[in-house]
Amino acid sequence: YIYLGSVVSQRGGMKATIAAQSKEKVKQLSKFQIFVAKNFSSPLWVKFKVFNACVTSSILYSCETWLSGDLSPICSLYNEALCSAIGVRSSVCRDLLYIESNIHNPRFVIKKKQYDFICSILENVELHKPLMFVLDLCVLHRTPMGVAVSNLLSGLVDLEFFAQCRLRIADSISTRRVFYRQCNPSIKPPTVYTKQISYYEPHRLAYSRLRFGSTRLPMETGRWVGSACLPSNGCVNAVRFRRQSISLSFVL
């Protein structure tokens with residue numbers, strides 16, 4: 001059975017399909033990063049709108065059938081695109097990324113789409129007899145896809161995603177999470193990221209990087225040592241340091 005280009009079979013192997021999808025959609029990530037770079041001063045809600053309308057819909061295309069296989073390549077593309085939209089390094093803490101942006105992680109989004117897809121099929125069994133035949137075989141023989149379908153129908157899709165993220169942040173002793181709790185004691189998304197309030201984007205960017213611990217100062221990224229003392233690079237680093245310090249002063 002073929003659904004949106006993805007083959008659903010009794011064996012249920014989707015690893016090759018997911019890997020091919022992630023390799024093909026790298027160009028979508030590059031296009032989005034170019035868009036963010038060219039539209040640097042655009043409000044964050046505009047970047048989020050492009051992220052949801054173009055990037056997410058393209059990367060997660062036909063994800064309803066990814067009931068088995070490794071989702072890591074797709075998650076990497078999704079997270080990197082989200083980091084590009086906010087303007088922070090791709091190595092930031094994922095829990096902070098989802099809480100701050102108020103956006104679910106890709107695994108939750110995929111599972112939710114799969115749950116809705118399975119429910120819609122069960123409501124119209126007569127229209128999807130070939131697919132139901134394949135799914136019944138998978139569930140009967142306990143293939144990875146069959147186990148995934150059983151888990152979805154058992155209600156194992158966690159709807160309290162943000163609550164779990166807050167719990168992990170609250171219980172963590174890592175430096176970035178401790179600092180984030182000091183900046184955001186309630187561990188809730190700030191109003192800076194809402195559409196109704198549009199801040200000057202360079203100031204919003206400095207605000208986000210400070211909270212994420214991703215300010216990209218030369219002394220933080222390790223590029224300051226050995227380069228600040230050189231005459232050719234010292235002035236450049238000093239200017240960069242001053243620009244980011246000025247932006248942070250507006251936030252603080």
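This is a predicted model: local features need pLDDT of at least 70, side-chain atom pairs count only at pLDDT 80 or more; totals for chains, interfaces and linings use all residues.

Biologist: Why does Val 125 count as partly exposed?

Modeller: Residues are numbered from 1 along each chain as its sequence is written, and side-chain values use heavy atoms, with hydrogens and water left out. Buried means under 20% relative accessible area, exposed over 50% and partly exposed in between (1.4 Å probe, protein chains only). Val 125 counts as partly exposed because its relative accessibility is 34%.

Biologist: Which residues make the nonpolar surface patch of about 240 Å²?

Modeller: Patches are made of residues with over 30% relative accessible area and no salt bridge; like charges are joined within 9 Å, and nonpolar side chains (Val, Leu, Ile, Met, Phe, Trp, Tyr) within 5 Å. The areas come from the Shrake-Rupley method with a 1.4 Å probe, and for residues only the protein chains shown count as cover. One member sits in the loop between α6 (106-123) and α7 (129-140), where helices (H or I, at least four residues) and strands (E, at least two) are DSSP runs numbered from the N terminus. The patch is made by Leu 122, Val 125 and Leu 153.

Biologist: Which helices hold Glu 201 and Lys 47?

Modeller: Their side chains meet in a salt bridge of 3.0 Å, N to O, the term requiring a side-chain nitrogen of Lys or Arg within 4 Å of a carboxyl oxygen of Asp or Glu. The pair links distant parts of the chain, 154 residues apart: Glu 201 is in α11 (residues 201-212) and Lys 47 in α3 (residues 44-59).

Biologist: How far apart in sequence are the parts that Arg 168 and Asp 95 tie together?

Modeller: Arg 168 forms a salt bridge with Asp 95, with 2.9 Å between the closest N and O atoms. Arg 168 lies in α9 (residues 161-171) and Asp 95 in α5 (residues 94-101), so the parts tied together are 73 residues apart in sequence.

Biologist: Are Glu 100 and Arg 211 buried or exposed?

Modeller: Glu 100 forms a salt bridge with Arg 211, the closest N and O atoms lying 2.6 Å apart. This pair links α5 to α11 across 111 residues. Both Glu 100 and Arg 211 are buried.

Biologist: Against which helices do the buried residues of α5 pack?

Modeller: In α5, 7 of its 8 residues are buried, among them Leu 96, Tyr 98 and Ile 99. With contact meaning heavy atoms within 4.5 Å, these buried residues pack against α3, α4 (72-86), α6, α9, α10 (175-183) and α11.

Biologist: How far from Cys 165 is the nearest cysteine sulfur?

Modeller: The structure holds 0 disulfides, a disulfide being a pair of cysteine sulfur atoms within 2.5 Å. The nearest cysteine sulfur to that of Cys 165 belongs to Cys 93, at a distance of 8.5 Å.
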